[in-house]
Amino acid sequence: VEEGLDAYRAFRREQADFEALFRAHYPEIVRYLAARLGSREDALDLAADVFAEAWRRVPGLQWRGRPVRAWLYRVASNMAADEVKRRKRTVPLEDAAGALDPSETAPNRIALARALQTLPPDHQLVVHLRLVEGLPFAEVARVMNRNVGACQMLMLRAAKSLRSLLAVEGVRDV
Amino acid sequence: MSERALAAELELALTGAPAGDEARALAALLVAAIEPSSFEVASTEVEAALARATPARPHSRSRRRLRIGALAAAAAAALAALFFPHTAGQGVQARAAVAVEATYFVNADVTPARPGLFPATEVTGYVDGRHGRAHVDIFSRTGKPVAETVLRANGGVERWLARTNTIVVAPSCEALPGGCGETFDPLGLYVRSVENSRAKVHRVGDEYELRLPAGRVEQVVHVSAKTYLPRRIAWLQDGKPVATIRFTMLQRSRPRSEAEWSLAPARAWSK
C-alpha cells in the first residue's frame, strides 16, 4: 500500500481535476484496451465509457492508498471483460479474432496478439504496465495492489503462458 | 533455476541486461506480443476525445459552502490527541499508549453522529506520537481541501485554511485568536483523560474498548487487542454520540524529514 502525504495529495489533485486526469491517463487506457480487445477503434469507444464513469465516480472515491490510475485500470479491465463476453455471445469467434488487419500483420504476430488476449486479465495488465507503459515494477505494484515480487512472477507466468499457447497453435517463430 | 530467479532474470532480459537463454527467449516473446499496442495517442486525439467527453458530463455539483474551519481542525486535533498520551498508565491503557509512540501515517474518516451536525471530513497525514508532532490535511468528503494543520513538538500551531487561503501561526493553541479552545480542546481533553482518569476497559471481540471520560465528553476508543492500535473513536457528549473517527489506514512510518513536519499548502495545492 502506498504511503505518504505526497501520494495522498497527488490522489486528491487528480480527483479534483478531471481534465488533467483525462490527459494524463487516456492514452494509456486506450492502449490497454486495444491490447485487451484487439482493436484500436473498439478501444477508443470503450475508453470513452471508462472516463464517463470516471467523471461520475472519481470525485467520490475514498483514498485507500492507491492512485486514481489503479481505479481507472480496474474499471477498464472490467469493461473489457464485459465486452469480450458480449462478443462471445453475439459475434462469431472467427470474426472476433480477426480484429487485426492480416494484410499488415504477419500470421504469427496475429497468433501472438490473440494469445495475449486470452491471458488472464492480471497477466495482461502486468505486461501492459511494465512493457507498454514502461512503468517500473514498484509503480506496477502500486497500481495492481501487489508486491513487486508477485508482479515479477505474474510477468513470468504471462510469458510462459504465451509460449504454451503459441506451441498449441504450432507457432515457433514470431 | 527457481521460478523466482527466472522471473528476476526475465526482468534483466527485458531491460537489455545479460541473461540466460530462456529468459531472453521469453523476453523476446513478450516484446513481440506488445508491439500492436505500443502506439502513440496523439495529443490532438486526446483533446478531441476530451472535448467529446465534455458535453456528456453532468452539470457541476452544487458547491456546498463549507463551514468547517474549526471543525476540521478539531478533527485533526482529535487525531493528534489520540497520539499524544503523556502518561502510560497500566495494562491495556498503557499498551495502547505505547503502541502509538512512533510515527504513523494516518487516514481517518470523521463523521457526525447525526446528519447536519457538521460536515464529514477526511483527515490524512503523519502523526509522531513520540515527539508530539502532527502534520495533517483535512478534506471534505467531496474531495475539496479544507485545511492543513501542523502541530509542533513545542506546542506551536500552524494552520492553513482553504476557504480564506490564509495561514495562521501561533506559539501555542491558546494563542490562536478565536476558536482555539474549541479546535484543540480534544487534545487537552485526551491528555487530561489519560493523565487524570483511569480508562474503563472492556474486551469486545478482537478489540478493547477504552472509555476515557472528561467532564461532559467521553471518548470511546476501540483498539485492536493484537496491536493496541486504535480502529475507531466515538465522541459522546452527555452520553449522546457526537462524532465517529474511523481509521482506514494506520501505518507505521519511517521517520519523516523536518520538511515533512512543515506547512506546505502553496507547494501542495497551487497548480
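Predicted model: local features only at pLDDT ≥ 70, side-chain atom pairs only at ≥ 80, totals over all residues.

Trainee: What is the phi of B:Tyr228?

Mentor: B:Tyr228 has a positive phi of about 65°, although this residue is not a glycine.

Trainee: And is B:Tyr228 buried or exposed?

Mentor: B:Tyr228 counts as buried because its relative accessibility is 13%, and the cut-off for buried is under 20%.

Trainee: Which loop holds B:Asn165?

Mentor: B:Asn165 belongs to the loop between β5 (157-161) and β6 (166-170) of chain B, and it has a positive phi of about 50° without being a glycine. B:Asn165 counts as exposed, with a relative accessibility of 58%.

Trainee: Stepping back, how many helices and strands does chain B have?

Mentor: Chain B has seven helices and eleven strands. Of its 271 residues, 51% are buried, and its accessible surface comes to about 13,500 Å², with 53% of that belonging to carbon and sulfur atoms.

Trainee: Switching to the contact between the chains, how many residues does each one give?

Mentor: Chain A gives 51 residues and chain B gives 56 residues. The area buried between chain A and chain B is about 5,000 Å², and carbon and sulfur atoms account for 62% of it.

Trainee: How many salt bridges are there across that interface?

Mentor: There are nine salt bridges across the interface of chain A and chain B, and A:Arg23 forms a salt bridge with B:Glu47, where the closest N and O atoms are 2.6 Å apart. On the side of chain A that touches chain B, the elements giving two or more residues include α1 (5-16), α2 (18-37) and α9 (148-169) of chain A. The residues on that side of chain A divide into 28 nonpolar, six polar and 17 charged.

Trainee: Now for chain A itself, where is A:Ala158?

Mentor: A:Ala158 is in helix α9 of chain A, and it is buried, with a relative accessible area of 0%.

Trainee: What does A:Ala158 touch, leaving aside residues up to four places away in sequence?

Mentor: With those left aside, A:Ala158 touches A:Leu119, A:His123 and A:Val127. A:His123 is 35 residues from A:Ala158 along the chain, yet their C-alpha atoms are separated by 5.3 Å.

Notes:
Residues numbered from 1 in each chain as written. Chains lettered and ligands numbered in written order. Heavy atoms only, no water. Helix = DSSP H or I, 4+ residues; strand = E, 2+ residues; numbered from the N terminus. Buried < 20%, exposed > 50% of the residue type's maximum accessible area, 1.4 Å probe, protein only. Areas by Shrake-Rupley, 256 points an atom, 1.4 Å probe, with all protein chains shown as cover. Contact = heavy atoms within 4.5 Å. Buried area = accessible area lost by both parts, 1.4 Å probe. Salt bridge = Lys/Arg side-chain N within 4 Å of Asp/Glu carboxyl O. Nonpolar A, V, L, I, M, F, W, Y, C, P; charged D, E, K, R; others polar.
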